[in-house]
Amino acid sequence: GYTAYVVDGQLGKVIGDTASPLAAGNLCARGFGFTQSAFSPANVKNPLRRKEGGGFQTIGWDEALGEIAAKLAEVIEGAGPEAVALAYDGLSATAAAYGPRFMEALGSGNVFVDDVTENVGKAAAFAQVIGVGDYIPDIANAQMILLVDTSYADITTPDLAASLQAAREAGVPIVAIDPR
């Protein structure tokens, strides 16, 4: 929760909202950075495709969505829906609202929410049923990985970050859908 101030028609500053139980009047570094990141000339305004040999190429929205849909269909047809993994930050309202529903529509339960409070009930259930209290997404066997409203920088567990890096090195497509 934050309060934003407009100065001369531009976003001027943000402060932690004292009425928000999450912020309690404070902001993290990302919260303070909103004023800079919202209007940064470095913002990505169009989809990017990684080029062979490095770097990125700007492509259109129809082309990007078409490529993602085609790759999803190819992975699901070839290896089944569980070969698609979804990882997102449990604090992201957008990802929480759409991510699991999207994965359910695909027929995949390979979903990881990177948030302690979101996973407490799941961890307790795992501990009772299979004897372990932590769920690790099956990234090693995924043939496509979706990061919804999150990025490499948001993945907080070193093992998950290492798994994503190994997947990338193995040529597994990783699609980041993130407004930042």
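Helices here are DSSP runs of H or I with at least four residues, strands are DSSP runs of E with at least two, and both are numbered from the N terminus. This is a predicted model, in which local features need pLDDT of at least 70, side-chain atom pairs count only at pLDDT 80 or more, and totals for chains, interfaces and linings use all residues. Residues are numbered from 1 along each chain as its sequence is written, and side-chain values use heavy atoms, with hydrogens and water left out.

**View 1. Four strands line up in an open sheet.** Follow the order β6-β5-β7-β8, where the pairing is parallel; two strands count as paired if DSSP finds at least two bridges between them. β6 (111–113) and β8 (174–177) stand at the edges with a single partner strand each, so one side of each has no neighbour in the sheet. From one strand to the next, the twist averages 15°. As a reminder, strands of a sheet pair through backbone hydrogen bonds, either parallel or antiparallel.

**View 2. Strands β5 and β7 run side by side, with helices packed on the sheet.** Strand β5 (residues 84–88) and strand β7 (residues 144–148) are parallel and joined by four bridges. Helix α2 (residues 61–79) lies across β5, β7 and β8 and runs at about 135° to β7. For these angles, axes are lines fitted to C-alpha atoms (for helices, over the stretch in contact), and values run from 0 to 180 degrees between N-to-C directions.

**View 3. β1 and β2 form a hairpin.** Strand β1 (residues 2–7) pairs with strand β2 (residues 10–16) in the antiparallel sense, over six bridges. In β2, I15 is the bridge partner of T3. Two residues lie between the strands, and D8 in the turn has a positive phi of about 55°.

View 4. Which residues are linked here? R49, E63 and E67 are, by salt bridges (a side-chain nitrogen of Lys or Arg within 4 Å of a carboxyl oxygen of Asp or Glu). The side chains of E63 and R49 meet at 2.5 Å, N to O. Because E63 lies in helix α2 and R49 in strand β3 (residues 48–50), this pair ties together parts that are 14 residues apart in sequence. E67 and R49 meet at 2.3 Å, N to O. E67 also lies in helix α2, so its pair with R49 ties together parts 18 residues apart in sequence.

How does accessibility look in this network? R49 is partly exposed at 22% relative accessible area, E63 at 40% and E67 at 36%. Buried means under 20%, exposed means over 50%, and partly exposed lies in between (1.4 Å probe, protein chains only).

View 5. K71 and E74 both lie in helix α2, three residues apart, which is about one turn of the helix. K71 is partly exposed, with a relative accessible area of 25%. In total, the count comes to three salt bridges.

Definitions and conventions:
Contact means heavy atoms within 4.5 Å.
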